[in-house]
Amino acid sequence: MKRRLAGSLALGLILVAGAYGAPQTSVKPGADGSKQITVRIHNYAQVESGVLGEAERTTDDILRAAGVGVVWLACSGDQTTAKEPACATPMGPMDFWLNLLPRSMSDRFHLGVDAFGVALEDAEGGLGFDAWIFCDLVKDAAAQRQLTRSVLLGTVIAHELGHLLLSTNSPSAFGLMRANWSGKELLAVEHQA
């Protein structure tokens, strides 16, 4: 199921944010609702609910344009207590963990200041289920470039979820799935919101 979605999503994600300033595509979700993912959030960075809600809407808009719906679950930041009962249910093939990390946790990845997040493959080298977003780096980049933090955060989340759906080795030469975003592309993200 996940691999079928990855195939149909690949072109949609690359096109949907093609050159950040280009018009959006009109890829529509399937009528049977089969293109829906569930994202379980661990908010270790304690991102404010308003910022996180706007980021989720930005991510929703991007993924919906690529034909994918998202169900968001707020799970605990300490992994001991779930805010949503569904967080305790077994993971399915279309369920993902999104870990929002503060600087103290993201520094452990040793990826540098130009990495806003990471998504890793599973043990067999296939599609993974976990993404980590480096929230302080996103916040710093938004402030330096006078961008709306929630829009940049939502775009970064969509990028990392794209890796989970496509595979972590799925960069594009342009658009949302590009490995490194230029300052011009970051400014275009703001104007599309």
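Start with contacts, meaning heavy atoms within 4.5 Å. Of the contacts in the protein chain with a separation of 6 or more, 74% join residues 24 or more positions apart.

A word on the source. This is a predicted model, where local features need pLDDT of at least 70 and side-chain atom pairs count only at pLDDT 80 or more, while totals for chains, interfaces and linings use all residues. Residues are numbered from 1 along each chain as its sequence is written, and side-chain values use heavy atoms, with hydrogens and water left out.

Now the layout. The protein chain has six helices and five strands. Those are DSSP runs, numbered from the N terminus: helices are H or I with at least four residues, strands are E with at least two. Along the sequence, the pattern reads α-β-α-β-β-α-β-β-α-α-α.

How much is buried? Of the 193 residues in the protein chain, 50% are. Buried is under 20% relative accessible area, exposed is over 50%, and partly exposed is in between, using a 1.4 Å probe and protein chains only. The chain exposes about 9500 Å², with 54% of that from carbon and sulfur atoms. The areas come from the Shrake-Rupley method with a 1.4 Å probe; for residues, only the protein chains shown count as cover.

Next, helix H2, residues 49–65. Its 17 residues reach 24 Å from first C-alpha to last, close to the 24 Å expected at 1.5 Å a residue. The expected span is 1.5 Å times one less than the number of residues. Buried residues in H2 include Val51, Leu52, Ala55, Thr59, Ile62 and Leu63. An α-helix has 3.6 residues a turn, so residues three or four places apart point the same way. After H2 comes Gly67, with a positive phi near 95 degrees.

On to a helix pair. The axes of H4 (residues 135–144) and H5 (residues 149–166) come within 9 Å and cross at roughly 130 degrees. Axes are lines fitted to C-alpha atoms, for helices over the stretch in contact, and angles run from 0 to 180 degrees between N-to-C directions. On the H4 side, Cys135, Val138, Lys139, Ala141 and Ala142 meet Arg149, Leu152, Leu153 and Val156 of H5.

Last stop, Glu84. Where is Glu84? In the loop between strand E2 (69–75) and strand E3 (95–101). Glu84 is partly exposed, at 31% relative accessible area. Glu84 touches Leu73 and Ala74, leaving aside residues up to four places away in sequence.
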